[in-house]
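My entries follow in the order I made them.

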Amino acid sequence: MKHSIYVLFCFISLISLHAQNKITYQKVEARQNALDPKWVAYDAKTIDKLPGFKTKKPELTSIYGGFKVWKKEATGFFRTEKVDNRWWIIDPEGYPFIYKGIAVFNAGRSVNQQKAFDKKYGSNENWVKQESKLLRDNGFNGVGAWSNVNLIRNAENPLVYTVIISPMAMYHSDHIKKYGGKYKEASWQNYRFDLVMVFDKEFDSYIQKAVKEVSQYKNDKYLMGYFTDNELPWYNDALDKHLTLLAKDEQGYLAAKEWFDQRKGFNASVSDITQEDRMAFTAFYFETYMKKVTEALKKEDPNHMYLGCRFNQDKEQELTNPEIFKVAGIYMDIISINHYRKWEPNQELMNNWGEWSGKPFLITEWYTKGEDSGLPNNTGAGWLVRTQKERGLFYQNFTLALLKNKNSVGWHWFKYMDNDPQDLSTDYSNRDSNKGIVNSNFEPYQPLLKEMKVINDNAYELTRYFDKKN
């Protein structure tokens, strides 16, 4: 009897201890946009809730923003290396670098934004100097796509930057003219039948036009690397669509038919297509694009990394296709992924990306919007939360998941400046939302930046913390 009571006591004690140690995270309510009536509460994991982790003063950094904690071979340009089973970007001096960037780092183009710019800065040089300091003061070490590259690289103390070229988008803008400026069937990416025209010989000349500009950057040590295009539709039904929707004299149809005949025989029909065929064709189709763009890029600039074509998290098809990632691993140095409509990245999926490709990944777009900004917040793929502080809590939750994963080498928040609802020249998704770290008057969102800074400043130590736990 005494033994039974003792066992029961121990059991109750363990339950009590577990309850005491259970972490209670702050809840953040979010919804898709201001038109969505449903708020959903999510846990926001934050740095202050990590058991045993103590924030420290930022590590000493190289001129590029790499951490002076250990050193590998310095090649004079950015590269990647796997060290103790974790992927790292290695900066030109040989130091580990976690890419903590802000996309679309430019001064805005609307009338309202330009008026505010003239009043606050007076010149481009003043803007890039002051706002580069804003980024660095809050722990960022670089910028992402669609930033003002010329201003950045000519600054006295340049931020690390990327260049995006868009050969398929250039070809697409001319291709659609053949159809009177509108395809009969196209989804939100506006490609005909959701097909990327990789087999068209005409596309090749657009690649050459797009890469001509990159030779000017080939000796620039502050350049991380190149993106090509953005969120192209790499859907799993591409084989079916090539064979059923394209005319029989179109180059895409002929390439798909030749591939299918060689795989299944000349007597095979569309009804014989299997899921294995679809996956295999998607790899062939995707590799056609990869071969063309990487060969042209490397010819013009052999020194810098290729950062991919910015896969799109929203549709997920390419992100759960091992064949796509196997091809990406052959051609990309870092795999770029735009990550939307997920409260946090999934560890199993991120592990798969690394296993399938053998390469690291970079999250190149993600953000959340705040109701307290006063903007309509009807558009855009990012979550909508109530306050700027909660935007910062979302940032912490999201980046902690990235830092935990050994295949992740950083992130680019989308973006530097809020949308201006009066600027109707932008595409619909970039029209009226609170995406920036500054508003249209160049006023920083300090509650957001405060939460960002504590993660950014402790990024390297956080990787050590997670690696020890694992």
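I began with the largest pocket and noted a volume of about 1400 Å³. A pocket here is an open set of points on a 1 Å grid over the protein atoms alone, where a 1.4 Å probe fits, with protein on both sides within 12 Å along at least five of seven lines. The volume is the space filled by probe spheres set on the points.

I listed 45 lining residues for this pocket, and the closest to its centre are N230, F414, D427, S429 and N430. A lining residue has an atom within 4 Å of a point. By class I noted 13 nonpolar, 18 polar and 14 charged residues. Asp, Glu, Lys and Arg count as charged, Ala, Val, Leu, Ile, Met, Phe, Trp, Tyr, Cys and Pro as nonpolar, and the others, Gly among them, as polar.

For the record, this is a predicted model: local features need pLDDT of at least 70, side-chain atom pairs count only at pLDDT 80 or more, and totals for chains, interfaces and linings use all residues. Residues are numbered from 1 along each chain as its sequence is written, and side-chain values use heavy atoms, with hydrogens and water left out.

Next I looked up T399, which sits in helix α12 (residues 388-404). Helices are DSSP runs of H or I with at least four residues, and strands are runs of E with at least two. T399 counts as buried because its relative accessibility is 0%, the limit being under 20% with a 1.4 Å probe and protein chains only. Its side chain reaches the backbone oxygen of Y395 at 2.7 Å. Leaving out residues up to four places away in sequence, I found T399 touching W366, W411 and I455, where contact means heavy atoms within 4.5 Å.

Then I turned to the sheets. Which order do the six strands of the open sheet take? I read β7-β6-β16-β13-β12-β11, with parallel pairing; two strands pair if DSSP finds at least two bridges between them. β7 (142-143) and β11 (311-312) are the edge strands with a single partner each, so one side of each has no neighbour in the sheet. β6 (residues 99-102) pairs with β7 over two bridges, and I102 has V143 as its bridge partner there.

Last, I checked the hairpin. β3 (residues 79-83) and β4 (residues 86-90) are antiparallel, with five bridges, and K82 stands opposite W87. Two residues lie between these strands, and D84 has a positive phi near 50°.

Definitions and conventions
Buried means under 20% relative accessible area, exposed over 50%, partly exposed in between (1.4 Å probe, protein chains only). A polar contact is a pair of N or O atoms within 3.5 Å; within protein, one must be able to donate a hydrogen and the other to accept it, and residues adjacent in sequence count only if both atoms are side-chain atoms.
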